[in-house]
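Please look over the structure shown here before reading the notes on it.

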Amino acid sequence: MRHQPAPRAPLAPLRSRSSSAASAAMNCARAVAACCLWRLRTGRLQPLSAYGRRISVRFCSSGMTLDNINREAVDRIIRVDHAGEYGANRIYAGQMAVLGRTSVGPVIQKMWDQEKDHLKKFNELMVAFRVRPTILMPFWNVVGFALGAGTALLGKEGAMACTVAVEESIAHHYNNQIRTLMEKEPEKYEELLQVIRKFRDEELEHHDIGLEHDAELAPAYTVLKSIIQAGCRVAIYLSERL
């Protein structure tokens with residue numbers, strides 16, 4: 001008598017399960033696509049992270065969105081201010097490397113901590129408004145540190161002379177930006193104006209601290225200040241455009 005093979009299990013249930021899984025996946029994909037399409041149609045700003053989304057909501061509350069601002073003007077402002085605050089951080093880092101253990105170290109550290117807050121804020125704005133950084137960032141990294149360390153090697157007075165020159169230049173630049181935004185529907189840019197005004201006032205405080213700590217006693221103070229400020233003007237011009 002020949003052995004009869006056992007009957008195979010029916011395939012219908014397996015096919016049914018596969019069909020159900022595929023159908024669920026397709027439904028999920030359709031839902032995600034519909035959500036994305038709705039966002040595109042409504043023109044809502046969608047940053048790449050939850051961190052950026054929180055920033056966007058905060059600035060959109062003041063009427064400042066990607067759709068209703070002068071993108072060229074805002075891009076240039078945020079890009080150059082980000083570069084300037086980055087450069088200032090590198091200058092103070094260079095000064096601390098030389099003078100961090102001296103009596104003036106805590107004074108420099110306090111100013112540096114404020115500059116770190118400035119840079120953090122502009123990092124947020126770069127994300128919120130999708131602004132690319134200047135291509136010169138690696139250059140400002142090296143030049144900023146070298147300027148800070150080099151002037152600190154002249155002593156406390158040299159470091160403070162550098163602070164006076166740089167902070168005076170930055171404050172002047174911030175004033176120019178405030179005037180520009182005030183001419184372009186200031187109520188729309190109010191929150192950005194508040195940021196710039198606050199940072200300008202803190203830069204002026206650093207300027208005054210430098211004068212209080214004998215900046216004007218630095219060797220060839222007038223010449224040194226003029227050279228540093230000429231470099232700042234070049235840095236601002238390039239960072240706005242590149």
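The model is predicted. Helix α8 covers residues 221-241, and α8 is also one of the helices that each supply at least two residues of the lining of the largest pocket.

**Helix α8**
- With 21 residues, α8 reaches 31 Å from its first C-alpha to its last, which is close to the 30 Å expected at 1.5 Å a residue.
- The buried residues of α8 are Tyr221, Leu224, Lys225, Ile228, Gln229, Cys232, Ser239 and Glu240; seen down the helix axis they fall within an arc of 120°, so they line one face of α8.
- Ile227 and Arg233, on the other side of α8, are exposed, whereas the buried residues have a cover that includes α3 (71-99), α5 (137-152), α6 (156-182) and α7 (190-212).

**Largest pocket**
- The largest pocket holds about 470 Å³ of space, and of the 26 residues that line it, Gly84, Gly87, Gly231, Cys232 and Ala235 are the closest to its centre.
- At least two lining residues come from each of α3, α5, α6 and α8, and by class the lining has 17 nonpolar, seven polar and two charged residues.

**Methionine 111**
- Methionine 111, found in helix α4 (residues 105-128), has a relative accessible area of 1% and is therefore buried.
- Leaving aside residues up to four places away in sequence, methionine 111 touches Tyr92, Met160, Thr163, His206 and Ile209.
- Methionine 111 and glutamate 202 are 91 residues apart in sequence, while their C-alpha atoms are 8.8 Å apart in space.

Note on methods
Residues are numbered from 1 along each chain as its sequence is written. This is a predicted model: local features need pLDDT of at least 70, side-chain atom pairs count only at pLDDT 80 or more; totals for chains, interfaces and linings use all residues. Side-chain values use heavy atoms; hydrogens and water are left out. Helices (H or I, at least four residues) and strands (E, at least two) are DSSP runs, numbered from the N terminus. The expected span of a helix is 1.5 Å times one less than its number of residues. Buried means under 20% relative accessible area, exposed over 50%, partly exposed in between (1.4 Å probe, protein chains only). The arc is that of the directions from the helix axis to the C-beta atoms. Contact means heavy atoms within 4.5 Å. On a 1 Å grid over the protein atoms alone, a cavity is a set of points where a 1.4 Å probe fits but cannot get out, and a pocket is an open set with protein on both sides within 12 Å along at least five of seven lines; lining residues have an atom within 4 Å of a point. Grid points are joined across faces, edges and corners, and a volume is the space filled by probe spheres set on the points. Ala, Val, Leu, Ile, Met, Phe, Trp, Tyr, Cys and Pro count as nonpolar, Asp, Glu, Lys and Arg as charged, and the others, Gly among them, as polar.
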